[in-house]
Amino acid sequence: MSRRLCCFLAAFFLVAAGRLPASAMPGGEDAQVPAQSSSPTSSQLLMETEDEVLVRWDLTADSVTSLNDEEILEAKGNVVLKRGNEYLKADFARYYMSSKWVYLKGRVSALSGKNEISAEEAEFDLRSRTGWLKRGRIFMAGPHAYISGEHIEKYWGDVYSFKQAKITTCDDEIPAWSFTAGEAVVEIDGYARLTRSTFQVKDTPVGYSPYFIFPVKTSRQTGFLMPEMGSSSSKGAFLNVPFFWAIDESNDLTVNELFMDKRGFMHGLQYRTRPTTDTAGWFRADFLADKKRKTDADSWQYQGDGLVRTNEDRYWLRGMFDTRFNSSNWRLKADIDYVSDQYFISEFKNHFGGLRRSNLEVLDFFRREFREKDEDRASGVMLSHDWERGSVALSSFYNQNPRLGNGNLSPGLDETVQQVPEVDAFLHKGRIIPSLPLEAEASAQAAYMYRRSGTRGARYEVVPRLSLPINTRYGSLIAGAGVYHTIYDTELPSRTGDTRDLPRQDKDSRTIPEFSLAAFTELARVYYFDSPALSPHKDNVGITQISALRHSLQPRLELRQRAYEDQSRNPRYSAADRLFPETEIVYSVSSVFTAKSDTVAMEKDEKGEMRPVVRTGYVDKIRLRLEQGYDFREANRSEELQSYNRRPFSDFLAELDFNIAGNLYFNTKSYISPYEGEMVRHQSGLALEYPEYGKIYGGYDMRRAIDEYKRSEPQNLNYLRLGLETATFSRFSFAAWYYKDFRDKDNTQTDLDLIFNHQCFQLIGRVRVDPQEESYMLMIRLAGLGN
């Protein structure tokens, strides 16, 4: 006969294990007990716990008996003790009122929070939350880890000790991998510290460690990251073993040692910090005493570039830092990017701390990246302050040309410009008088332009602008005027010690006015769909429905004029020191299809309860823009006609953004020269993704070398990017990435990944081929182990 007994127990019930005090040791199910009296009715039991909290537990069993004047409660058959979502189950249970101990035997199982516990026998002290388990197992849902042992002791807090322990994250009865230990100490949401540990594959030992630490928490944890191993034609056999140190919640440090058979050890150190939402830092350094040097311009790598590399000590230092001071509008940004030679970043772009992985990390932190591998390296620091109508910035920038030194051109002939320091001030666009539509904006800059070789000196520039917007029901008209006024305080080469024959650059100022006039309008029509409105019902959560489509035509006409001034004797530190005259009209039209969509989502109401609501959004599905310009000054040019024909028409631009479905995006931008009769510039990108199948993405960029009076592009650009990721072959998935620079045969790469996905591990085989090397890599990622 099943009976229900409602017990008021004043302790949080945590399934665990520990020794009973000698005065209260029950001795198990076979212990001698006083005379029994059967209790045909339910009874209530009260007790006080250490934290003086009363908790109600419901007990059901096939039979319940009270012993020794109700000092002992004994339950047999399908015993279930339950409180809320937590429960305790066994074939037999005995509870001692005075000691607050409970003894369990036979198919013991329990749920405490998200952790599941099972054992053959167990005893618990409900007040101190201590106890023991015999042949027990604990499943921690957070890290998805199973920890079992012949004998388990539970101590105060969430600390356990195990005898003959076994730890794994695999669900299989015979796990794919596991750690065993003679003894283990485990802290929930902490670490498992194993003594006399072996690593097993299918219960077969394959490795031994006298001491090992295994993370059993979901937050960031200190420990070894997954090693990377393989073979490369230029580096030989290699092995990388990173170690991650979670210093605290806001700081971490990663140390890695990359061993390369043919090159030596590369030492890597990476530090990250994010103490507040307004402050972040990322810094990394890699060092290598390289066994190889490039002493011949036509040697084993990068043939034909005409450069050598004589240094053995190689390094790359880089980092970024952003902060805001005291939640004010004062901000500090700093970048460092300095490399030992011109080849380091290209040679090691794919290793653990290479350019690709570094850019992925800093892009997530700062929304900016390091420059590409073949560009000058840029370092700098900027302190800025923003107001409602203005901002000011104090900065200093250093640009490194890594092709200097190391057996190449002498650093003394470096013509790279360094802006040290620079002060910028901005007046943001806004009305001069609130009641009048006349708007003003301005920028000003003062900087010292330093370079070791060539002209150097200070440059001061101010650019004020006025604009008058006029809006009517038929469209808008914006008239604008501005002027560039620049002053140069130049130190001529004779004063800097440079004796080379350089062009004379001694003009001390320029003043160049410019004007603009833009007119645009919009014609639009909305198309409504007859489908029934989406109702805010829980069955519709996640459903999106397009309710209307808006099509608009946006013609635009703009006239731009800039006066002519001879700048040939001005110093040239950057492209901004040469402003070409223009009298140009630009005409364009855009066609835009915008969808109005309704989506049902769960949100909290005023009472804090979740309920379905309909949210409306607008997305541009298709955008097509056509544009071309005509330069009247170029049409009447008389200078250098023998070298350059007049070409007043600009390239015809066609740009298309296509986003019909949420999983398909396509963008293309093409420039067609009316004089060459062909495309001279092109950019395109494609992305198609289905979560259940995978994704494909790619892009193509092209630019023809061109030499005209108004523009000069000395080099062709022509490269292709393709990527594919698929997950359609049961546990196997495949990924491929291809990059091809049709102009530079040394700038091509192919990556092929074959991935085996298991519930508790991932095996990745990677083949990487480029003109400099072929490499083969094997990576193993164990679920729950590492970061």
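Threonine 594 has neighbours from well beyond its own stretch of sequence in this predicted model. Leaving aside residues within four places in sequence, threonine 594 is in contact with Ala548, Leu549, Arg550, Tyr618, Val619 and Asp620. One of these contacts, with aspartate 620, includes a polar contact of 2.7 Å between the two side chains. Threonine 594 itself sits in strand β32, which covers residues 582-604. Is threonine 594 buried or exposed? Its relative accessible area is 14%. Buried means under 20%, so threonine 594 counts as buried.

Strand pairing comes next. Strand β33 (residues 610-631) and strand β34 (residues 652-658) run antiparallel, joined by 6 bridges. Within this pairing, glutamate 627 has leucine 653 of β34 as its bridge partner. Strand β34 also pairs with strand β35 (residues 664-673). That pairing is antiparallel too, and 7 bridges join the two strands. Here phenylalanine 652 stands opposite isoleucine 672 of β35. How many residues lie between β34 and β35 in their hairpin? There are 5. In a regular strand, side chains alternate between the two faces of the sheet.

Now the covalent link. A search of the whole structure finds 1 disulfide. It joins cysteine 170 to cysteine 760, with the sulfur atoms 1.9 Å apart. The angle about the S-S bond is 80 degrees, and the link is right-handed. Where do the two cysteines lie? Cysteine 170 is in the loop between β11 (159-168) and β12 (177-187). Cysteine 760 is in the loop between β42 (748-757) and β43 (761-770). The pair therefore ties together parts that are 590 residues apart in sequence. Both ends are buried: cysteine 170 has a relative accessible area of 2%, and cysteine 760 has 0%. A disulfide is a covalent bond between the sulfur atoms of two cysteines.

Charged pairs follow. Side chains of opposite charge can pair when their charged atoms come close. The structure holds 49 salt bridges. One of them joins arginine 107 to aspartate 91, with the closest N and O atoms 2.7 Å apart. Arginine 107 is exposed, at 62% relative accessibility. Aspartate 91 is partly exposed, at 28%.

Another salt bridge joins aspartate 341 to arginine 314. Their closest N and O atoms are 2.9 Å apart. Aspartate 341 lies in the loop between β22 (330-339) and α1 (344-347), while arginine 314 is in strand β21 (residues 313-324). The pair thus ties together parts that are 27 residues apart in sequence.

Aspartate 701 is buried, with a relative accessible area of 11%. Arginine 721 is partly exposed, at 29%. Some salt bridges share partners: Arg647, Asp651, Glu676, Glu678, Arg704, Glu708 and Arg711 are joined in this way into one network.

Aromatic rings complete the tour. The count comes to 21 aromatic pairs. Among them are phenylalanine 365 and phenylalanine 366, whose ring centres are 5.7 Å apart. Phenylalanine 365 is buried, at 18% relative accessible area, and phenylalanine 366 is buried at 7%. Why is the pair of phenylalanine 756 and phenylalanine 761 called tilted? Their planes are at 40 degrees, with the centres 5.8 Å apart. Planes under 30 degrees apart would count as stacked and those over 60 as edge-to-face, so 40 degrees falls in the tilted class. Elsewhere, Trp177, Phe179, Phe199 and Phe212 form one aromatic cluster.

How values were computed
Residues are numbered from 1 along each chain as its sequence is written. This is a predicted model: local features need pLDDT of at least 70, side-chain atom pairs count only at pLDDT 80 or more; totals for chains, interfaces and linings use all residues. Side-chain values use heavy atoms; hydrogens and water are left out. Helices (H or I, at least four residues) and strands (E, at least two) are DSSP runs, numbered from the N terminus. Buried means under 20% relative accessible area, exposed over 50%, partly exposed in between (1.4 Å probe, protein chains only). A polar contact is a pair of N or O atoms within 3.5 Å; within protein, one must be able to donate a hydrogen and the other to accept it, and residues adjacent in sequence count only if both atoms are side-chain atoms. Contact means heavy atoms within 4.5 Å. Two strands pair if DSSP finds at least two bridges between them. A disulfide is a pair of cysteine sulfur atoms within 2.5 Å. A salt bridge is a side-chain nitrogen of Lys or Arg within 4 Å of a carboxyl oxygen of Asp or Glu. Rings of Phe, Tyr and Trp (its six-membered ring) pair if their centres lie within 6.5 Å; planes under 30 degrees apart count as stacked, over 60 as edge-to-face and the rest as tilted.
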